[in-house]
Amino acid sequence: MNVPTYEQVVDLPSHLDVTVPADFIDVNGHMNIGRYMELGGTALWQRCRHELGMSDDYIELRGFSTFTAEHHLTYHAELLEGDDVSVRVRLVARSDKVMHVVCLIVDETHRRLACTMETTAVHVDMTTRRPTPFPDDVTALIDAAIAADDRPWPAPLSGAMGVRRR
């Protein structure tokens, strides 16, 4: 896996900024695994809501949502209580029903990448609870985000997951 530098990662916009509170710390004295998932998932949801056309009323008005199909976490550095953290969400690829995303969890206090959370999110019809294509307007926004997120450095992907093309 190619790990980008702090300077490369922070060129992407932040979708979540927090300071690690005491209740995020586990018995090992660092941030618990579940909190990395929470931060990455929250940042991805924020981006979907505010930039990708899947607003708070997307389920109610359109009958669609996204479900996470797969995650892959890679840790690069510990996060400790009091560390300032940002999460940058980089869209990598899509099919008609799936987005491939990497959430870059950044230790702003020490200016380093702490964790990458790679995700595939499936677009779902909430009536049938089955995968369904993204609407055209959402597809256009996702495609624009993929283009905007493109960087001269490769996204730090595990190689174990992605979008299946048919």
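Predicted model: local features only at pLDDT ≥ 70, side-chain atom pairs only at ≥ 80, totals over all residues.
Me: OK, what about secondary structure: how many helices and strands?
Reply: The chain has 4 helices and 6 strands. Going along the sequence, they come in the pattern α-β-α-α-β-β-β-β-β-α.

Me: What share of the contacts with a separation of 6 or more comes from residues 24 or more positions apart?
Reply: Those pairs account for 73% of them.

Me: Switching to aromatics. How many pairs turn up in the whole structure?
Reply: The search finds 2 aromatic pairs. One is Tyr36 with Tyr75: the ring centres are 4.9 Å apart and the planes sit at 80°, so this pair is edge-to-face.

Me: Where do those two tyrosines sit in the chain?
Reply: Tyr36 is in helix 2 (residues 33-51) and Tyr75 is in strand 2 (residues 64-75). They're 39 residues apart, so the pair links distant parts of the chain.

Me: Is Tyr36 buried or exposed? And Tyr75?
Reply: Tyr36 is buried, at 3% relative accessible area, whereas Tyr75 counts as partly exposed at 39%.

Me: What's the geometry of the Tyr58 and Phe64 pair?
Reply: Tyr58 and Phe64 make a tilted pair, 6.1 Å centre to centre with 50° between the planes. Both residues are buried.

Me: Which ring does Arg90 lie over?
Reply: Arg90 lies over the face of Trp153, 4.5 Å from the ring centre.

Me: Now Arg88. Where is that one, and is it buried or exposed?
Reply: Arg88 is in strand 3 (residues 84-94). Arg88 is buried, with a relative accessible area of 8%.

Me: What polar partners does the Arg88 side chain have?
Reply: A polar atom of the Arg88 side chain lies 2.4 Å from the backbone oxygen of Leu12. There's also a 2.8 Å polar contact between the side chains of Arg88 and Ser86.

Me: Which residues does Arg88 touch beyond its neighbours within four places in sequence?
Reply: Among them are Val9, Val10, Leu12, Pro13, Ser14 and His15, plus Val102, Cys103 and Glu108.

Key
Residues numbered from 1 in each chain as written. Heavy atoms only, no water. Phe/Tyr/Trp six-rings, centres within 6.5 Å; stacked < 30°, edge-to-face > 60°. Buried < 20%, exposed > 50% of the residue type's maximum accessible area, 1.4 Å probe, protein only. Lys NZ or Arg CZ within 6 Å of the ring centre and 35° of its normal. Polar contact = N/O pair within 3.5 Å; in protein donor to acceptor, adjacent residues only side chain to side chain. Contact = heavy atoms within 4.5 Å.
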